[in-house]
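Please consult the sequence and the coordinates alongside the text.

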Amino acid sequence: MEFKSLKNIESSFRQIRLFGIVFLSLCAVITVWSVWSSYRFAERQREKIYVLDNGKSLMLALSQDLSQNRPAEAREHVRRFHELFFTLSPEKSAIEHNVKRALLLADRSVYNYYSDFAEKGYYNRIIAGNINQVLKVDSVVCDFNGYPYRATTYATQKIIRQSNVTERCLVTTCRLLNSSRSDDNPNGFTIEGFTIIENKDLQTIKR
């Protein structure tokens with residue numbers, strides 16, 4: 001009887017040890033799964049961009065792969081620069097405000113154009129003549145096969161006077177460098193080597 005009792009105790013101990021091993025194994029599996037799930041969740045959150053709309057509503061924009069969106073950001077950067085630099089109203093403060101914002105997106109090659117325009121009285125004529133200049137970017141063609149990236153912009157300008165409207169074509173080229181993102185430069189590019197290739201009248205329509 002004593003032998004059977006010892007045998008039963010040993011059997012019970014083995015069962016307890018087996019249950020303990022199984023329990024610890026399950027705990028380890030659950031812990032590993034929890035850590036892995038947390039890591040995957042964090043990675044998915046990094047792929048999301050939150051945009052605050054005028055401080056009121058929060059919109060969620062998904063970005064599966066940042067590199068896939070880079071060409072679109074490049075075109076938007078170039079488009080925005082042209083709209084700021086070439087869309088002018090007959091107010092000195094408005095011109096300075098737009099040009100200042102445009103210069104934050106580019107290097108000195110753009111500042112050289114600005115200085116040249118100013119020295120020739122271009123902005124003063126816009127103010128004195130009460131002229132509005134509106135630019136519409138038709139297309140931006142980017143080449144990402146080399147770095148710095150190259151971009152060619154095709155746009156249409158409308159110079160609106162009291163007596164007529166002159167339509168001009170504008171073709172420019174530039175190179176794009178990657179740079180740090182900021183509130184003033186949300187797309188993270190810098191324009192360099194900016195050159196105006198063509199800027200000529202297409203037609204003038206009387207008002």
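A residue is termed buried under 20% relative accessible area, exposed over 50% and partly exposed in between, with a 1.4 Å probe and protein chains only. The structure is a predicted model, in which local features need pLDDT of at least 70 and side-chain atom pairs count only at pLDDT 80 or more, whereas totals for chains, interfaces and linings use all residues. Residues are numbered from 1 along each chain as its sequence is written, and side-chain values use heavy atoms, with hydrogens and water left out.

**Salt bridges**

A salt bridge requires a side-chain nitrogen of Lys or Arg within 4 Å of a carboxyl oxygen of Asp or Glu. Under this rule the model holds 6 salt bridges. The table presents some of these pairs.

| Pair | N to O distance | Relative accessibility |
|---|---|---|
| E83 and R80 | 3.6 Å | E83 28%; R80 31% |
| K120 and D116 | 3.3 Å | K120 57%; D116 29% |
| E192 and R175 | 2.9 Å | E192 17%; R175 27% |

Helices (H or I, at least four residues) and strands (E, at least two) are DSSP runs, numbered from the N terminus. E83 and R80 are separated by about one helical turn because they lie 3 residues apart in helix 2 (residues 66-86). E83 is partly exposed, and R80 is likewise classed as partly exposed. In the second pair, K120 is exposed, while D116 is partly exposed.

The side chains of E192 and R175 also meet in a salt bridge. This pair links distant parts of the chain, with E192 in strand 6 (residues 189-206) and R175 in strand 5 (residues 164-178), 17 residues apart. E192 counts as buried, whereas R175 is partly exposed.

**The loop residue N185**

Which loop holds N185? N185 is placed in the loop between strand 5 and strand 6. With a relative accessibility of 5%, N185 is buried. The side chain of N185 reaches the backbone oxygen of F189 at 2.6 Å. Contact denotes heavy atoms within 4.5 Å. Apart from its neighbours within four places in sequence, N185 has contacts with H77, L104, L105, S179, S180 and T190.

**Nonpolar core**

A nonpolar core is a set of buried Ala, Val, Leu, Ile, Met, Phe, Trp, Tyr and Cys residues joined through side-chain atoms within 4.5 Å. The largest such core comprises 31 residues, and those with the most contacts inside it are F81, F85, Y123, A151, L176, I191 and F194. Elements giving two or more residues to this core include helix 3 (92-103), helix 4 (108-119), helix 5 (122-128), strand 3 (132-143) and strand 4 (149-160). Helix 2 supplies the largest share of this core, 6 residues. Neighbours within four places in sequence aside, F194 is in contact with residues including F81, H82, F86, V110, Y113 and C174.

**Surface patch**

Patches consist of residues with over 30% relative accessible area and no salt bridge, like charges being joined within 9 Å and nonpolar side chains (Val, Leu, Ile, Met, Phe, Trp, Tyr) within 5 Å. Accessible areas come from the Shrake-Rupley method with a 1.4 Å probe, and for residues only the protein chains shown count as cover. L18, F19, V22, L26 and I30 make up a nonpolar surface patch with about 510 Å² of accessible area together. I30, one of these residues, belongs to helix 1 (residues 2-46) and is exposed at 53% relative accessible area.

Definitions and conventions. Polar contact = N/O pair within 3.5 Å; in protein donor to acceptor, adjacent residues only side chain to side chain.
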